[in-house]
Amino acid sequence: MQTIRHSEQTLRTALISKTPALVLQYENLDAGERRLMNEAFQPNSSLFEPITLHSQSDWITSHPEAPQDFEQFFSDAKRKTPSPEKCHIYIQSIGSLGNTRIISEEYIKWLKGYCEAFFYGLTVKLLEPIPVSATRCSFRVNDNTKNLQIHAGDILNFLKRKKPENAFCVVGITMIDLYPRDSWNFVFGQASLTDGVGIFSFARYGSDFYSSHYEGKVKKLEKSSSSEYSVFDNYYIPEITSIFLLRSCKTLTHEIGHIFGMRHCQWLSCLMQGSNHLEEADRRPPNLCPICLRKLQCAIGFNIVERYKALLRWIDDESSDIPGITPKHSREGNVHLPKRAEAFKEWKEWIIKCLAVLQK
């Protein structure tokens, strides 16, 4: 295992900059916000730790990229920011997200609430769910895993055409695996920063995806043409658990972060780190490091205390997380929903520690 440690001066410059105008911008932040962000270059900080690499297959090793500090983010002429006219994040679900309509509806409501807290200050709206056939995308069966996959680029083109006028971005979510081109095995998600659209799959976040007993394998794909979508009528959907929800929330916010112009983080352990595989994605925390937090705050303009409080409210709101609820007028019988907060306990404790620093 390798630890990437940057010097105090390197991290200070990455966060604050040496440009007088950006230094002044930082100094004008709330004292508590500066106190929290300064943890970035405290050698023994318990809130923000260095990045650890566990294998040569980890993202930073296999995908060398130039790091992006705050000044580079701020000065990026191609970066898009929300405006009063374009201040909504739209979520488009593609195909069923749960094994029942009720689970699908609750799951996407959880994602909506999480995004509204994470990107505090912006409104998140849900578009009417659509079947795969509505996108007219290409699809295939993966040669290795034998599961259904849909073409990410085709979905992006569909979302671009459907993007509402007042949208900052539109993100598609699906339980069907994605591939970006024929030569690739799969991709967790793909986004177009220029067009403000993204598509993300949670298919590989189920506990059984990589097991020999995975139920989503397709023995043979029989289709008369690329427009024969009946194969998706009863495709396999993994069980929604608390850890599944955590993985989904992390992927969704990571990828939307890219649409804001945030590149992969190489400074500290951070949500914006790249990930090549599920194990690496699980090691990635749900929080932003101070450098990426300043980037997002600059783009949206939120108060950090209020944002963290909103995230705590989302974690603590268990009003709809009652296992075995039977919705009125439902023909779907007993609906079992996870206790969503279980996988978020560590992050809740971390947020409380940050609030203590902010509110000293």
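The side chains of Asn-147 and Asp-177 are joined by a polar contact of 3.1 Å, where a polar contact is a pair of N or O atoms within 3.5 Å, of which, within protein, one must be able to donate a hydrogen and the other to accept it, with residues adjacent in sequence counting only if both atoms are side-chain atoms. A further polar contact, of 2.2 Å, links the side chain of Asn-147 to that of Thr-145. Asn-147 lies in the loop between strand S5 (139-141) and strand S6 (148-151), helices (H or I, at least four residues) and strands (E, at least two) being DSSP runs numbered from the N terminus. Asn-147 counts as buried because its relative accessibility is 3%; buried means under 20% relative accessible area, exposed over 50%, and partly exposed in between, with a 1.4 Å probe and protein chains only. Leaving aside residues up to four places away in sequence, Asn-147 touches several residues, among them Arg-140, Arg-204, Phe-209 and Tyr-214, contact meaning heavy atoms within 4.5 Å.

The model is predicted, so that local features need pLDDT of at least 70 and side-chain atom pairs count only at pLDDT 80 or more, whereas totals for chains, interfaces and linings use all residues. Residues are numbered from 1 along each chain as its sequence is written, and side-chain values use heavy atoms, with hydrogens and water left out.

Turning to the sheet, five strands form an open arrangement in the order S4-S3-S7-S10-S9, with mixed pairing; two strands pair if DSSP finds at least two bridges between them. Its edges are strand S4 (123-126) and strand S9 (189-192), each of which pairs on one side only, and the twist averages 20 degrees from one strand to the next. Strand S3 (residues 88-94) runs parallel to strand S7 (residues 167-174), to which seven bridges join it, and Ile-91 has Val-171 in S7 as its bridge partner. Helix H8 (residues 242-259) packs on this sheet, touching S3, S7, S9 and strand S10 (197-201), and its direction makes about 145 degrees with that of S7, where angles run from 0 to 180 degrees between N-to-C directions and axes are lines fitted to C-alpha atoms, for helices over the stretch in contact.

S7 and S10 pair in the parallel sense over five bridges, with Thr-174 standing opposite Ser-201 in S10. S9, by contrast, runs antiparallel to S10, the two being joined by four bridges, and Gln-190 has Ile-199 in S10 as its bridge partner. In the hairpin of S9 and S10, which has four residues between the strands, Gly-196 takes a positive phi near 70 degrees. In a regular strand the side chains alternate between the two faces of the sheet. In S10, Val-197, Ile-199 and Ser-201 point one way and Gly-198 and Phe-200 the other way, and all are buried.

Among the helices, the axes of H10 (residues 290-300) and H11 (residues 304-316) come within 12 Å and cross at roughly 100 degrees.
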